[in-house]
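Here are my notes for you, written as numbered points. Keep the structure open while you read.

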Amino acid sequence: FSKYRYQNEKEFNLHQSHQFQIGRPFEDREGRIWFPLLGYGLAELNRKKNLVIPYKICIPRNCGGFYNASWVTNIFEDNMGGFWLATNGGLVYFNKQTGGYEEIIEPDLQVRSVFEERYSVFNYFGPQINDDIWIGTWGSGIKKLNTVTRRFETFLWHPKTWDGTKNICTGIWQKDSAHLWVSTLEKELYVFDLRTHEFQPARQLGNEKFVFAGGAMQSKDGSLWITHENRLLVKISKKQFFSSYSFRNEQATNPENFSANCFLRMDNDLFIGAEFDTRIYRYDLASQNYRSYQVPGKYYRGETNFLLPAPELKGFYAGSYHGLFFFDINKEKFEPFKTSATSERLLKQELLCAVRGKDNSIWLGCRKKNVLLRYFPETGEVKEYSLTPDNNADGRLYTDYWVNSIISDEHDNIWFSHSHYGLGSLRISDSKVTFFNSFRNKNFPIGFSTDVCVTN
């Protein structure tokens with residue numbers, strides 16, 4: 001990994017009226033890396049020159065405050081390679097060759113709320129079908145944008161509501177050639193007919209209302225996998241509305257707020273850790289039956305944050321806010337695993353994430369304690385690595401640190417996201433910790449990062 005400096009760094013720093021957060025990276029068809037600079041605009045990571053090239057986006061009528069075009073929330077590349085930016089201040093077309101941008105305004109818009117004018121919050125890009133891009137908004141339903149004419153059409157599932165509390169889209173997927181799936185913040189899942197422009201609520205067998213819980217993804221075969229408010233996991237295929245993957249969870253600690261949190265597939269079983277629940281669920285993909293197992297410990301909050309396979313032990317490790325546990329698949333129960341007096345105490349941290357190193361050791365990210373833990377299964381020992389930067393004199397002011405995501409690269413270096421210092425790396429050979437592109441001042445060393453990803 002190389003450190004990337006900002007082009008015209010002195011000039012760029014003059015614009016920092018506040019600290020900018022870095023959004024999720026996006027790789028275009030040419031292999032160029034882009035990412036939002038929330039509060040500034042967009043940036044390109046030039047890997048050949050080791051430079052970050054920032055592009056300030058400022059629409060004169062809405063350049064101040066939170067609801068403005070500099071808050072880029074999502075990037076979409078159309079079939080011709082053009083960039084469309086969803087922002088808190090409307091939709092922007094960005095020319096990545098020149099760095100220029102254009103605000104896309106609906107010419108015949110009838111303004112019925114601030115969410116259609118100054119606060120036009122576009123938050124989710126769906127599919128492109130021919131020349132039309134489908135876009136989800138906050139408060140204005142879904143919109144169809146014709147990339148040739150630059151004209152919009154708006155479609156609402158609550159036609160008479162324009163106050164920003166309804167018509168909030170959280171996802172759009174193409175169901176088939178004539179329909180879209182539309183998920184909403186109102187916990188309802190809809191099927192949108194591209195021909196009639198009608199929304200039909202997705203219904204369970206027996207016309208039971210389907211209450212969408214928030215998590216969703218689409219698999220390569222076109223099936224939609226979603227979390228249900230009172231069911232653990234539901235698969236909706238293109239041909240069959242609701243498959244039998246849906247099942248009730250009567251044993252959830254808080255069934256009204258129950259949702260899947262992490263997954264692990266081992267052979268023909270899908271193991272699922274849940275939010276607001278103190279159990280691990282085992283779903284048999286062949287028989288479509290499930291069993292559950294109580295995770296040890298006295299919980300002040302029930303949540304399994306990760307499941308890490310341990311095939312050599314015929315089981316897996318589960319990490320939660322109560323520590324690390326080992327589940328034996330053959331015995332179908334949680335079993336003690338090798339530890340020492342010191343490591344047993346360290347492994348009772350609030351654990352958020354884990355990854356295997358090349359030497360089979362397990363790296364663990366914690367909450368509240370500003371360290372990485374390295375567990376050695378063969379010996380049962382644990383080693384701590386401090387994450388406080390050498391040049392951070394005020395790190396002692398913060399007690400609620402957390403490492404939210406962690407990966408290992410081909411050189412066995414450890415990369416992690418940190419709640420206060422941003423993206424960090426730990427070089428195992430000499431335990432050196434380095435943080436990259438953290439925007440900081442003497443009062444608030446912010447560098448918040450929620451995820452780490454790998455590109456080619």
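1. Which residues have the most contacts inside the largest nonpolar core? They are Tyr 317, Leu 324, Leu 364 and Tyr 375, and the core they belong to has 18 residues. Before you go looking for them, bear in mind that this is a predicted model.

2. Next, see where that core gets its residues. At least two residues come from each of these strands: β26, β28 (323-328), β30 (350-356), β31 (362-367) and β32 (371-376).

3. Now click on Leu 324. If you skip its neighbours within four places in sequence, Leu 324 still touches quite a list: Phe 306, Tyr 317, Ala 318, Gly 319, Phe 337, Leu 347, Leu 351, Leu 364 and Tyr 375 are in contact with it.

4. Now for a bit of backbone. Asp 267 isn't a glycine, yet its phi is positive, at about 55°. You'll find Asp 267 in the loop that runs between β22 (259-266) and β23 (269-275). Is Asp 267 buried or exposed? Exposed, because its relative accessibility is 74% and the cut-off is over 50%.

5. Lys 314 deserves a look too: here is a residue that is not a glycine but has a positive phi of about 55°. Its place is the loop between β26 (304-310) and β27 (315-320). With 52% relative accessibility, Lys 314 also counts as exposed.

Note on methods
Residues are numbered from 1 along each chain as its sequence is written. This is a predicted model: local features need pLDDT of at least 70, side-chain atom pairs count only at pLDDT 80 or more; totals for chains, interfaces and linings use all residues. Side-chain values use heavy atoms; hydrogens and water are left out. Helices (H or I, at least four residues) and strands (E, at least two) are DSSP runs, numbered from the N terminus. Buried means under 20% relative accessible area, exposed over 50%, partly exposed in between (1.4 Å probe, protein chains only). A nonpolar core is a set of buried Ala, Val, Leu, Ile, Met, Phe, Trp, Tyr and Cys residues joined through side-chain atoms within 4.5 Å. Contact means heavy atoms within 4.5 Å.
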